[in-house]
Amino acid sequence: MIECVVGVIVWTEDMQRLLGFYRDVLCLKLHSQSENFAAFKFGEIRLSLGKHQQVKGRSQDSYRIMINLGTAGIHQEYQRLLSQGVEFIRKPVQEHWGGWVATCFDPDGNVLQLLQQPS
């Protein structure tokens, strides 16, 4: 029986570019790193980046997987990332369930979503 999600890996051909975005632009705290792999740890869950020989260029199906990144201040985070040149496809909008969502791309064209839970 599967009990939980323990991690997600985003594969890329350009490890340094993607690592720079997640570490320096998104300001995620690096847990571990090797030449072709890096992991960010959130409690028991890891978001990892890795170089893969079968991945080439930008994502051709960006909307298939969407990574939700939690924030307590979506409007401030949106403005900070916008000033860093992050491409947003959806400004912060309050959802019918009370939370806020904003959607952007990482440098490989993968869709990321900022998510602020309702207070």
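**Notebook: contacts, fold and ring pairs**

I began with contacts, meaning heavy atoms within 4.5 Å. Of the contacts in the protein with a separation of 6 or more, 51% are between residues 24 or more positions apart.

A note on what I am reading: this is a predicted model, where local features need pLDDT of at least 70, side-chain atom pairs count only at pLDDT 80 or more, and totals for chains, interfaces and linings use all residues. Residues are numbered from 1 along each chain as its sequence is written, and side-chain values use heavy atoms, with hydrogens and water left out.

**Overall fold**

I looked up the secondary structure next and found two helices and eight strands. Helices (H or I, at least four residues) and strands (E, at least two) are DSSP runs, numbered from the N terminus. Starting at the N terminus, I read the order as β-α-β-β-β-β-α-β-β-β. The radius of gyration is 15 Å, close to the 14 Å of the globule rule for 119 residues, so the protein is as compact as a globular protein of that length. Here the radius is taken over C-alpha atoms, and the rule is 2.2 Å times the number of residues to the power 0.38. Along the principal axes, the C-alpha atoms fill a box of roughly 40 × 40 × 25 Å.

I then checked burial: 38% of the 119 residues are buried. Buried means under 20% relative accessible area, exposed over 50%, and partly exposed in between (1.4 Å probe, protein chains only).

**One backbone angle**

Which residue other than glycine has a positive phi near 65°? I found Cys27, in the loop between helix 1 (15–25) and strand 2 (30–34). Most residues other than glycine have a negative phi.

**Ring pairs**

How many aromatic pairs does a search of the whole structure find? I noted five. Rings of Phe, Tyr and Trp (its six-membered ring) pair if their centres lie within 6.5 Å; planes under 30 degrees apart count as stacked, over 60 as edge-to-face and the rest as tilted.

Trp11 and Phe37 have ring centres 6.3 Å apart and planes at 55°, so I logged the pair as tilted. Trp11 sits in strand 1 (residues 7–12) and Phe37 in strand 3 (residues 37–42), 26 residues apart. Trp11 is partly exposed at 36% relative accessibility, and Phe37 is partly exposed at 29%.

For Tyr78 and Phe88, the centres are 4.7 Å apart and the planes at 70°, so this pair is edge-to-face. The pair links helix 2 (residues 74–83), which holds Tyr78, to strand 6 (residues 88–94), which holds Phe88. Are Tyr78 and Phe88 buried or exposed? Both are buried.

Last, I found Phe21, Tyr22 and Phe40 linked into a cluster by ring pairs.
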